[in-house]
Every structure is written in structure tokens, then in C-alpha cells.
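User: Please take me through this structure and, for each label you use, tell me how the value compares with the cut-off behind it.

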Amino acid sequence: MKKSILAAALLAAFAAPTALVSSACAEEAAAAPALTANIGLFSSYRFRGIDQTFGKPALQGGFDYAHSSGFYVGNWNSNVSSGAGFPDGNLEMDFYGGYKKAFGDFGLDVGAIYYYYPGSEMRGYTGGVNTGAADNKEVYIGGSWKFVSLKYSYAIDDYFATRGDSGAKTRGTSYLDLSANYDLGNGWGVNGHVGHLDYKNVTNGSYTDYKVGVTKDINGWVVGASWVDTNANSGFYTIRNSISDDGAGGTTTGSKTKDAGRGIAILSVSRTF
């Protein structure tokens, strides 16, 4: 089992609802009126604190449809690096849906999300256990109070198509996310996040990540700066600048490596339409 793959497979930037990437969209989908679209440029893509683009910029965007009943569906997309755990793949596509309801200052959010990497091929990355495209399926439940939210996600299949120690299944891997977004007025805002990944049956796979950031709304465009860091095992979470299938049941890899959980400052500009 290649550690570099598992590392990146955590893809999962801070996204999934950590306001940096893929997950944030799922949490906010039901709060938006009817059909909305979003686009953003980030200096790097971190999912749950783990590097998805080998430190390079990411163009991200998607759409959300929220019904007045509270049900919502959406799609979110970003470029990724094949060496971050998606061999022969360079695109992440998330599809999600759920139900969100507000009770005064409190809120409830339940749903499911599917992470897909078209063109990726996992053959040879986990000792031959898994083949096909890298993907991940999760269900989640979240609650909020004013500007604070708590969300729990649970993988219902092998986590990002990986296997654990001695080929053990990674189904049941979970992620707990505590986030806060506070409006300071005059277009300024601050945000923070602490999350913990419990990687099922994987030694050195579990870790805690955090983020602190500030945003400024300028005529509808939101400019942001944040610091993202983790205590992820640096030996385990190593990614390469590229990885591909050699067509003979094995893989070829790039020459450069990075610690995917290292601390990093991220700049961004985004807008919702």
C-alpha cells in the first residue's frame, strides 16, 4: 500500500465544509436562495488540511439548488494533482444532496456526498486490492448555532478507494468538523476551524487539522487569507508532483515530493452569483 496515495486520498482542502474547499459548498447549499453558482481561485487546495494540488493554485466552482422545503442538491469541482492520490486524474467532482432546516438560532443539516475523480485509475496503488477510479461516498449530519457549526461525516465505502493495514477495509472512516464564521461588519469577517480524521484500520493515518482566516467582501467578491496546518504524520502523508498508471499493473511517479500536511498560508478570491 502506497502511503503517498492514502495521504492524498484525504482529499478530501479543507473543503468539505471547512470553507476552503469541497465541503463548504455542501454545508451552505440549503442556505442559498433557489439556484446559485460559485467560483473561486485559491493559491492552493487543501481538503481536511491535506494538500490536493501539490501546493499549486486551484480553480474551483459549482452550483447549488435549494428548495423552500429545505431539500438541496449541488455540484462542486476543482483541479487536483494526480500525485495527491488520484493517478491519471486531474479533476475532482463532488455531487451532494440533503435536507437543511433552521429553528431560530439553531440549524440541522443531513445529507450525502459523492467525491469522484474522472480518469483516475487506482490499479497498483493499494497492493492490487482496489482498481478503477478514485472515489469516496459519505453521509453526514451537522448542527449549527448562530455562527458556530459542528459536522460529522462517515465513509460508507473504502475511504477514497484505499485499503488499510494488511488490506483491511477503510469503510467507517470519519471526520468531525467544528467551524466558526463571524461577521465583523463593513464586509470583514473572521473564520476558524478544527477537524479530526479517524482513519479506519490505517496506522499513522488519523490526524487533526485547523484553520484560521480573515475575509473581506469587495463589491460581491470575497478576498480571503488563511493559515492551514495539521499534525498529520509527515512520513505517511507524502505526495508527489505526478503519479500515473504504467499500463502493466504498476505505476510511475514524479521526482518531487511534499509533506501534504505541512502548514501553509492560502490566499483566495471567490464570488457567489
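**Labels and their cut-offs**

Analyst: Thr 170 counts as buried because its relative accessibility is 0%, and buried means under 20% relative accessible area, with exposed over 50% and partly exposed in between (1.4 Å probe, protein chains only). This is a predicted model, in which local features need pLDDT of at least 70 and side-chain atom pairs count only at pLDDT 80 or more, while totals for chains, interfaces and linings use all residues. Residues are numbered from 1 along each chain as its sequence is written, and side-chain values use heavy atoms, with hydrogens and water left out.

User: Where is Thr 170 placed, and which residues does Thr 170 touch?

Analyst: Thr 170 sits in the loop between E9 and E10, where strands (E, at least two residues) and helices (H or I, at least four) are DSSP runs numbered from the N terminus. Not counting residues up to four places away in sequence, Thr 170 touches Asp 157, Asp 158, Tyr 159, Thr 162, Arg 163, Gly 164, Tyr 199, Lys 200 and Val 202, contact meaning heavy atoms within 4.5 Å.

User: What makes the approach of the Thr 170 side chain to the backbone oxygen of Thr 162 a polar contact?

Analyst: The side chain of Thr 170 reaches that backbone oxygen of Thr 162 at 2.8 Å. A polar contact is a pair of N or O atoms within 3.5 Å; within protein, one must be able to donate a hydrogen and the other to accept it, and residues adjacent in sequence count only if both atoms are side-chain atoms. The 2.8 Å separation therefore falls within the 3.5 Å limit.

User: Why is the pair Arg 48 and Glu 138 called a salt bridge?

Analyst: The closest N and O atoms of Arg 48 and Glu 138 are 2.9 Å apart, and a salt bridge is a side-chain nitrogen of Lys or Arg within 4 Å of a carboxyl oxygen of Asp or Glu, so the pair qualifies. The pair links distant parts of the chain, 90 residues apart, with Arg 48 in the loop between strand E2 (46-47) and strand E3 (50-51) and Glu 138 in strand E8 (residues 135-145). Arg 48 and Glu 138 are both buried. Side chains of opposite charge can pair when their charged atoms come close.

User: How many salt bridges does the structure hold, and how do you know that Lys 137 and Asp 157 form one?

Analyst: The structure holds five salt bridges. The side chains of Lys 137 and Asp 157 meet at 3.4 Å, N to O, and the pair joins strand E8, where Lys 137 lies, to the loop between strand E9 (148-155) and strand E10 (174-185), where Asp 157 lies, 20 residues apart. Asp 135, Lys 137 and Asp 157 are linked in a network of salt bridges. Arg 163 and Asp 158 also meet in a salt bridge, at 2.5 Å, N to O.

User: Are Lys 137 and Asp 157 buried, partly exposed or exposed?

Analyst: Lys 137 is partly exposed, because its relative accessible area is 27%, and Asp 157 is partly exposed as well, because its value is 35%. Arg 163 and Asp 158, in contrast, are both buried.

User: Why is Lys 146 called exposed, and what is its phi?

Analyst: Lys 146 counts as exposed because its relative accessibility is 52%, and this residue is found in the loop between E8 and E9. Phi of Lys 146 is near 50°, a positive value in a residue other than glycine. Most residues other than glycine have a negative phi. Asn 204, which is not a glycine, has a positive phi of about 70°, and Asn 204 is partly exposed because its relative accessible area is 43%.

User: Which residues touch the most other members of the largest nonpolar core?

Analyst: Of the 32 residues in the largest nonpolar core, Tyr 117, Tyr 159, Leu 197 and Tyr 237 touch the most other members. A nonpolar core is a set of buried Ala, Val, Leu, Ile, Met, Phe, Trp, Tyr and Cys residues joined through side-chain atoms within 4.5 Å.

User: What makes E13 and E18 a strand pair?

Analyst: Seven bridges join strand E13 (residues 221-230) to E18, which run antiparallel, and two strands pair if DSSP finds at least two bridges between them, so E13 and E18 pair. In E18, Ser 270 is the bridge partner of Val 222.
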